[in-house]
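Dear colleague,

Please find below the structure that I am handing over to you. My notes on what was found follow directly after it.

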Amino acid sequence: MPAPRYDALIRARWMITVENDGEVLENHALALKDGKIAALLCPADATEAQQHAAQVHTLDHHVLMPGLVNLHGHSAMTLLRGYADDLALMDWLNNHIWPAEGKHVSDAFVYDGTLIAMAEMIRGGTTTINDMYFHHGAVARAGIASGVRTFVGCSILEFPTGYGQNADDYIAKALAERRAFLGQERVDFVLAPHAPYTVSDETFKKVITLAEQEDMLVHCHIHETAFEVESSVAEHHQRPLARLKQLGLLSPRLTAAHMVHLSDDEIELAARHGVNVAHNPASNMKLASGIAPVTKMLAAGVNVGIGTDGAASNNKLDMLAELRLAALLAKVGTLEPTAVPAATALRMATLNGAKALGIDDKVGSLKAGKQADVIAIDLSALETAPLFDPISHVVYAAGREQVSHVWVDGQCLMQERELTTLKTDDLLARAEDWRARIQARNA
Ligand SMILES: CSC[C@H]1O[C@@H](n2cnc3c(O)ncnc32)[C@H](O)[C@@H]1O
Ligand SMILES: [Zn+2]
């Protein structure tokens with residue numbers, strides 16, 4: 001018997017490639033080989049190929065699309081989900097989250113919290129996460145255990161936390177933890193200066209030099225609140241983006257999370273320097289930070305992806321919910337119903353996220369030669385009936401519980417809603433254990 005031509009053949013009723021906005025292929029198939037998409041097959045070729053595939057998935061009521069790219073998150077914060085709600089950012093951070101992190105965050109906390117996040121994200125169709133937290137080895141190990149493509153953002157702040165003492169210490173720890181994971185296929189380390197209000201000029205300069213030396217991406221919270229902008233003017237006599245431009249941080253290496261409070265000139269500046277933006281609609285709404293000018297950013301040519309932020313400020317890691325909010329919030333923000341149409345929201349949550357991470361040649365759309373980061377969504381539910389347009393349903397009607405299958409590099413991480421790399425019962429037990437520990441230490 002000759003070896004099968006393909007490792008797997010995934011036949012689906014609909015396919016959204018994201019290569020061409022609005023395009024939906026009917027009754028096509030994806031042929032997978034060695035973790036990659038070997039071919040996109042038309043219905044006749046799919047039938048012929050079936051006998052040459054080691055495995056065949058026939059998904060008669062499903063749409064196949066690229067896996068979702070979560071462009072901004074703090075995965076381990078699942079363990080602080082619901083810990084402090086209904087607060088503005090600085091009150092939430094200074095009086096609730098940072099004290100709690102100081103008491104509870106450890107290697108074990110980050111590993112367990114990140115594993116829980118990975119399971120939640122897989123269940124919602126996320127295949128890549130751009131994370132930012134502490135205890136980077138634990139984040140990387142949880143990423144590898146889950147199979148999710150993980151960008152491990154190494155936090156850099158000026159003040160001590162349970163993880164580091166000062167900026168130089170955070171940088172040294174980032175580089176040391178990174179060493180053990182160099183060459184890992186699905187893991188990459190990123191420099192993550194926390195925000196303009198927690199990082200000095202001197203440290204930003206060190207980050208820029210290091211990013212260039214080591215060819216690393218940079219991830220930072222920028223222009224999240226009006227308070228951030230006002231306090232920068234008071235302290236530095238400059239708005240944050242102007243300060244960061246002067247320091248040399250603005251470049252295609254940078255993913256700026258939030259970017260809510262921006263003038264037209266600042267949008268132009270971001271576009272000119274190739275800055276990527278992670279839009280976090282739910283977190284911006286919940287912390288009452290504001291509405292990011294996404295329509296203007298897209299029109300100016302800024303690459304805007306979508307993120308969830310952490311589970312303590314969202315409180316879901318649900319990218320489908322997030323891309324729906326991105327489409328809705330743009331309309332409310334501009335009073336323009338055509339703002340961020342469904343196909344644009346879908347592109348933001350896939351290909352734009354991949355571009356920000358420098359992996360759009362590898363993932364973010366369904367195309368022969370790309371890695372097989374693919375999800376299937378079952379559209380046979382009452383909630384997605386009747387069906388005129390799969391793109392409309394994916395963005396506006398489908399819930400994450402309709403995500404049925406998830407593949408990363410062709411490895412199936414969820415089949416018919418069963419996780420293959422993680423055990424839900426074990427994760428629930430870990431979450432409950434941490435709840436008990438956190439409440440006992442706070443008592
Ligand atoms: C340096 S990353 C980890 C650090 O960031 C905190 N954090 C979580 N969400 C936000 C946000 O929306 N803006 C600013 N900082 C945030 C998190 O609690 C960690 O301490
Ligand atoms: Zn954040």
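I begin with strand 3, which is joined to strand 4 (residues 36-41) by five bridges, the two strands running antiparallel. Please keep in mind throughout that this is a predicted model. Within this pairing, Leu-32 has Ile-37 of strand 4 as its bridge partner. The two strands form a hairpin with two residues between them, and there Asp-34 takes a positive phi near 50°.

Strand 3 also pairs with strand 1 (residues 8-15); four bridges join these two, and they run antiparallel as well. On that side, Arg-11 stands opposite Ala-29 in strand 3. Is strand 3 mostly buried or exposed? Four of its five residues are buried, so strand 3 is largely enclosed by the rest of the structure.

Next, some notes on the backbone. Most residues other than glycine have a negative phi, and most peptide bonds are trans.

Asn-27 is not a glycine, yet its phi is positive, at about 55°. This residue lies in the loop between strand 2 (25-26) and strand 3 (29-33). Asn-27 counts as partly exposed because it has 16 C-beta neighbours inside 10 Å.

Asp-215 also has a positive phi of about 55° without being a glycine. You will find Asp-215 in the loop between helix 6 (201-214) and strand 10 (218-222). Because Asp-215 has 8 C-beta neighbours inside 10 Å, it counts as exposed; the limit for that class is 12 or fewer.

Where are the cis peptide bonds that I noted? One runs from Asn-314 to Asn-315, with omega near 5°. Asn-315 is placed in the loop between strand 13 (303-306) and helix 12 (319-334). Another runs from Ala-385 to Pro-386, with omega near -10°. Pro-386 sits in the loop between strand 14 (374-378) and helix 14 (390-397).

I turn now to the ligand. Which residues come nearest to ligand 1? Of the 18 residues around ligand 1, they are Ile-97, Met-132, Ser-155, His-194 and His-221. Two elements give two or more residues to this shell, namely helix 2 (89-104) and strand 7 (126-133). Helix 2 gives the most, with five residues. Sorted by class, the shell around ligand 1 holds eight nonpolar, seven polar and three charged residues.

As for records, an unreviewed UniProt entry lists residues 63-411 as "domain: Amidohydrolase-related". Over residues 63-411, the chain is 43% helix and 18% strand.

Finally, a word on the predictor's confidence. The protein chain averages a pLDDT of 98, and 100% of the residues score at least 70. For the complex, the predictor gives an ipTM of 0.98 and a pTM of 0.98.

With kind regards

Terms used
Residues are numbered from 1 along each chain as its sequence is written. Chains are lettered from A and ligands numbered from 1 in the order in which they are written. This is a predicted model: local features need pLDDT of at least 70, side-chain atom pairs count only at pLDDT 80 or more; totals for chains, interfaces and linings use all residues. A residue is buried if 20 or more other C-beta atoms lie within 10 Å of its own, exposed if 12 or fewer, and partly exposed in between; C-beta atoms are placed from the backbone. A residue is near a molecule or strand if its C-beta atom, placed from the backbone, lies within 6 Å of it. Ala, Val, Leu, Ile, Met, Phe, Trp, Tyr, Cys and Pro count as nonpolar, Asp, Glu, Lys and Arg as charged, and the others, Gly among them, as polar. pLDDT is the predictor's confidence in each residue, from 0 to 100. Two strands pair if DSSP finds at least two bridges between them. UniProt positions are given in the numbering used here, feature names are shortened, and annotations may be inferred rather than shown by experiment.
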